[in-house]
Amino acid sequence: MEDQVAAAAPGTAVAGDEAPQPAVDVSGVTEEDKAKYGFERAEMGKEALAGTVGGFDRHLFLCYKSPDVWPSHLESAESDRLPRHLAAALKARKDDIKKRTRLTICGGEDGTESSNGDVLIFPDMIRYRGLTHFDVDNFVKEVLVKDSEWLPGAAEKLTGSYVFVCAHGSRDKRCGVCGPALIEKFTEEIASSGLQGQVSVSPCSHVGGHKYAGNVIIFSPNADGAVSGHWYGYVTPNDVSVLLEEHIGKGKIVDHLWRGQMGLSEEEQKSAKSLRQQMSSGLGEKGAGECFQPTGNSIENGTLNQAVGCCQGTRNGSCCQVESREAKSENNHTGEQAKKIPQDKNNKGSSSRKICSVSTWFENWEREDTYATLAVVAAVASIAVAYTCFKQMR
């Protein structure tokens, strides 16, 4: 069931005025484990990341307990009833569910913003509270199959940004070592940056790609308010501030860590990254004040859009003006006429061409022939003086 319509995965996060999160135990990790399974392990950064996210359109996070009590497979018989029943219901109804849907478990603790049984749905940005194993079938039918509301609980609108970090140590040791360390670092950076209530971080279950640990998923609105999930791999504590500043703060994809985006196929993810790199290199070559106009599609916060100019989404530097098709057509027509002017001797508009020609001739004359001309004039003058003297002597 791994990486299918119903797959155990990430954790939950909710942004509010007060949003205490379930604690993640970072103790008990030995130095040997850090070297073998942590951020210094030999495999770190060895494989390409883009295109390693399976295609799906909707992501459910079930808030339920903490990683230290999660079994290896949350849909298995040894799992608690709620996550097991929800995974089974998704699998049984997958042919009836129009949107490709993924299930992930995230940290839950009663008395916090992520209480046990809460369900977060992205990119819808809604939360249902208090799901129990008795409610699962009705919930799946109403919310996921019919795309309507679950009447026993009112849908709450989510705001802010949500970060999920795979910390499913019973599934893979690498996630168990890297995940808690990243969550601790995210929590510190969020507090020091004053982002409490705006950004929430939570541990989550297996998201696929253990070898890419640390694995991070971010749901954050772009400039237009649209939300999509972006996956990052090989994330280390040193990358946390970059993700907060660039992705969440500026809506800019951090490409060297980017695995892919919810809603895009694997090939589209690779194309999206390639296009961003082309745009970036084009802007770099032309300079901040020059325009770069790519062909085909473009990327805004990782999403494929129609082609745009270099001004799209920029906040710094001088902004270029992108000509409309009509303006370009008119300018091209004018350019073609200009090329024909030297061939049309009777063209009334050729005066400007003649002025340019005179100017060029005069410039060349001054530069190349001044001394020769002075020499000729001096010679003529000398001859004239000599001739005058000769006549006077006679």
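pLDDT is the predictor's confidence in each residue, on a scale from 0 to 100, and a contact means heavy atoms within 4.5 Å. The structure described here is a predicted model, in which local features need a pLDDT of at least 70 and side-chain atom pairs count only at pLDDT 80 or more, while totals for chains, interfaces and linings use all residues. Residues are numbered from 1 along each chain as its sequence is written, and side-chain values use heavy atoms, with hydrogens and water left out.

## Confidence

Over residues 285–368 the pLDDT stays under 50, and for this stretch the model has 83 contacts beyond four places in sequence. The average pLDDT of the protein chain is 77, with 65% of the residues scoring at least 70. Residues 1–22 also have a pLDDT below 50, and this stretch has 109 contacts beyond near neighbours in sequence. Helices (DSSP runs of H or I, at least four residues) and strands (runs of E, at least two) are numbered from the N terminus. Among these elements, helix α8 (residues 351–368) has the lowest mean pLDDT, 42, whereas β6 has the highest, 98.

## Aromatic rings

Rings of Phe, Tyr and Trp (its six-membered ring) pair if their centres lie within 6.5 Å, and planes under 30 degrees apart count as stacked, over 60 as edge-to-face and the rest as tilted. The whole structure holds 12 aromatic pairs. One of them is the edge-to-face pair of Phe122 and Phe164, with 5.9 Å from centre to centre and 75° between the planes. This pair links distant parts of the chain, since Phe122 belongs to strand β3 (residues 119–122) and Phe164 to strand β6, 42 residues apart.

Phe164 also pairs with Phe219: the ring centres are 6.1 Å apart and the planes stand at 80°, so this pair too is edge-to-face. Here strand β6, with Phe164, is linked to strand β8, with Phe219, across 55 residues. Buried means under 20% relative accessible area, exposed over 50%, and partly exposed in between (1.4 Å probe, protein chains only). Phe164 has a relative accessible area of 0% and is therefore buried, and Phe219, at 0%, counts as buried as well. One aromatic cluster is formed by Phe61, Phe122, Tyr162, Phe164 and Phe219.

## Helix α5

In helix α5 (residues 240–250), the buried residues are Val240, Leu243, Leu244, Glu246, His247 and Ile248. What covers them includes β6 (161–166), α4 (173–192), β7 (199–204), β8 (216–221) and β9 (227–232). After α5 comes Gly251, whose phi is positive, near 70°.

## Salt bridges

A salt bridge is a side-chain nitrogen of Lys or Arg within 4 Å of a carboxyl oxygen of Asp or Glu. By this rule the count is 20, and the table lists some of these pairs.

| Pair | N to O distance |
|---|---|
| Arg41 and Glu43 | 2.7 Å |
| Asp147 and Arg58 | 3.1 Å |
| Lys65 and Asp80 | 2.8 Å |

Arg41 is buried, with a relative accessible area of 5%, whereas Glu43 is partly exposed at 28%. Asp147, at 41% relative accessibility, counts as partly exposed, while Arg58, at 3%, counts as buried. The bridge between Asp147, in the loop between α3 (136–145) and β5 (156–157), and Arg58, in strand β1 (residues 58–63), links distant parts of the chain, 89 residues apart. Lys65 is partly exposed at 33% relative accessibility, and Asp80 is partly exposed at 32%. Salt bridges that share partners also join Glu113, Asp118, Arg127, Arg129 and Glu156 into one network.
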